[in-house]
Amino acid sequence: MEIGSILQTASYDKYLPSQNSDSFKLPFMQDDEWLSSFFQSGRNAIEVLFAETAPGASVLVPDFVCGTVPEAIQRAGCRVVNYHIDDDFTFSFEEINALLSETKILYIVHFFGRKFSETEMKAISHWKNEGITVVEDITMSLYSKDPEAFGFGDYIIGSIRKWLPVSDGGFILSKAKSFDAPKMQSVNLYSYYYQLAQMLKKQYIEAGEKDAKLKETYMNFYHESIRYLFSDYSIAPISPVSMNYILNTQSQNSYFKRVQNYTYLSEGLKDFGDSIRPAVILNPGYVPFGMVVKCTKRDELLQYLIKNDIYCNIHWRLDLPAVFSLSNQILTIPCDERYGKKEMDQILQVIKDFYR
Ligand SMILES: Cc1ncc(COP(=O)(O)O)c(C=O)c1O
């Protein structure tokens, strides 16, 4: 069975207007009043946030993060100043402190379900008390809840479209301000092709994964969608179908499956020593996007997994000497709610065959 790649569409009724009048709530937001502003993508949300709140400012951004983040900040007219992320995803207090003498905005990223240490949280609180604006990106740990180390930002950024069977969705959360998306068409060529790919994937899976032509077609639609995602950066609102899906399903708590799969995979990987191991320890309350591992012979393993119908991502492959070693070791193994023990065993078996 094929594991990974895009999520197929769910049943159509989940995309109809919501009967549930609840506003958008992520697990960490339960007790607080947040204003949520939705856009087509995370990169749209980032661009709007910086264009509206800090035009022309310098922003401290981790050197290890998806390229779409610094690019969106630059499109907003801001200057990106990098701070370094070490191989264990930590930052240096001294480095950031020195850089903050000229920069008053700090972009913090939650890496793949990793909890910030007490020392890191003390540093972040210190900077907040000094008047630094903290922008917290929760994209890679979206459904996590931790009153000690999650949801502390002045602004919170997230891309929800990667987690659900929707084509689009990125947001800004703030307790002080909401942001308007332009009143334009939300269905552009990116979401048009992405939705088609998700529908065809559903058809392919339901037909027993035998129809190679169907697979080729959904892959072609997927590649077209990504081509448009990376060529049209217009700010667009979230589409009604995606928003309906988010509101209709937010009480389902299906993400506990991710934690279960993650824990199972972690146990299974214990046999492999340093060849492949989880890159972060998952703390209680944290929900992983996927299982990010550090491994030897990463690109060969990636290809071997593809040959065996397992499609992993790399978060992130960056051409930057400072993060060369991290960029060349990491791999994200799918462990989302589509899967259970059977698929995790399939993944472990292929990894075992590879390193044998
Ligand atoms: C940490 C992080 N923030 C923001 C984004 C941007 O989200 P989107 O792809 O929806 O524009 C990404 C994209 O992968 C990301 O990894």
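## Phe24 and its loop

Phe24 sits in the loop that runs between strand S1 (3-4) and strand S2 (35-39). The model is predicted. Phe24 counts as partly exposed, because it has 16 C-beta neighbours inside 10 Å, and a residue needs 20 or more to be buried.

Beyond its neighbours within four places in sequence, Phe24 is in contact with Ser36, Ile246 and Leu247. Tyr339 is 315 residues away from Phe24 in sequence. In space, the two C-alpha atoms are 26 Å apart.

The largest nonpolar core has 85 residues. Leu49, Ile73, Ile172, Leu265 and Val293 have the most contacts inside it. Both domain 1 (20-174) and domain 3 (256-355) supply this core, with at least three residues from each. Another core lies apart from it and has nine residues, among them Tyr190, Tyr193, Tyr194 and Tyr204.

Leaving aside neighbours within four places in sequence, its contacts are Ser37, Ala45, Val48, Leu49, Tyr155, Ile157 and Phe179.

## Helix H8

Helix H8 covers residues 256-269. Its 14 residues should span 20 Å at 1.5 Å a residue, and the end C-alpha atoms are 20 Å apart, so the two agree. The buried residues of H8 are Arg258, Asn261, Tyr262, Tyr264, Leu265 and Leu269. They line one face of the helix, because they fall within an arc of 165 degrees when seen down the axis of H8.

Phe256 and Glu267 are exposed, on the face of H8 turned away from its buried side. The buried residues of H8 pack against strand S9 (276-278), strand S10 (291-295), strand S12 (330-333) and helix H11 (341-355). Leu265 of H8 is buried and is one of the residues with the most contacts in the largest core.

## Strands S10 and S12

S10 and S12 pair in the antiparallel sense, over four bridges. Val293 has Leu331, in S12, as its bridge partner. Val293 is also among the residues with the most contacts inside the largest nonpolar core.

S12 is covered on both faces. Ile330 and Thr332 are buried on one side. Leu331 and Ile333 are buried on the other.

## Helix H11

H11 has 15 residues. From its first C-alpha to its last it reaches 21 Å, close to the 21 Å expected at 1.5 Å a residue. Glu343, Met344, Ile347 and Ile351 are buried in H11. Seen down the axis of H11, the buried residues fall within an arc of 105 degrees, so they line one face of the helix.

The face of H11 turned away from its buried side carries Lys341, Lys342, Gln349 and Asp353, which are exposed. The cover over the buried residues of H11 includes S1, H8, S9, S11 and S12.

## Helix H4

Helix H4 (residues 118-129) has twelve residues. Its first and last C-alpha atoms give a reach of 16 Å, close to the 16 Å expected at 1.5 Å a residue. Gly131 follows H4 and has a positive phi, near 95 degrees.

## Backbone exceptions

Most residues other than glycine have a negative phi, and most peptide bonds are trans. Some places in this model depart from that.

Phe89 is not a glycine, yet its phi is positive, about 70 degrees. Phe89 lies in the loop between strand S4 (79-83) and helix H3 (93-99). With 19 other C-beta atoms within 10 Å, Phe89 is partly exposed. Glu209 is not a glycine either, and its positive phi is about 60 degrees. Its place is the loop between helix H5 (189-206) and helix H6 (212-229). Glu209 has 13 C-beta neighbours inside 10 Å, so it counts as partly exposed.

The peptide bond from His315 to Trp316 is cis, with omega near 5 degrees. Trp316 is in the loop between strand S11 (310-311) and helix H10 (324-329).

Conventions: Residues are numbered from 1 along each chain as its sequence is written. This is a predicted model: local features need pLDDT of at least 70, side-chain atom pairs count only at pLDDT 80 or more; totals for chains, interfaces and linings use all residues. Helices (H or I, at least four residues) and strands (E, at least two) are DSSP runs, numbered from the N terminus. The expected span of a helix is 1.5 Å times one less than its number of residues. A residue is buried if 20 or more other C-beta atoms lie within 10 Å of its own, exposed if 12 or fewer, and partly exposed in between; C-beta atoms are placed from the backbone. The arc is that of the directions from the helix axis to the C-beta atoms. Two residues are in contact if their C-beta atoms, placed from the backbone, lie within 7 Å. Two strands pair if DSSP finds at least two bridges between them. A nonpolar core is a set of buried Ala, Val, Leu, Ile, Met, Phe, Trp, Tyr and Cys residues joined through C-beta atoms within 7 Å. Domain bounds come from an automatic or database domain assignment.
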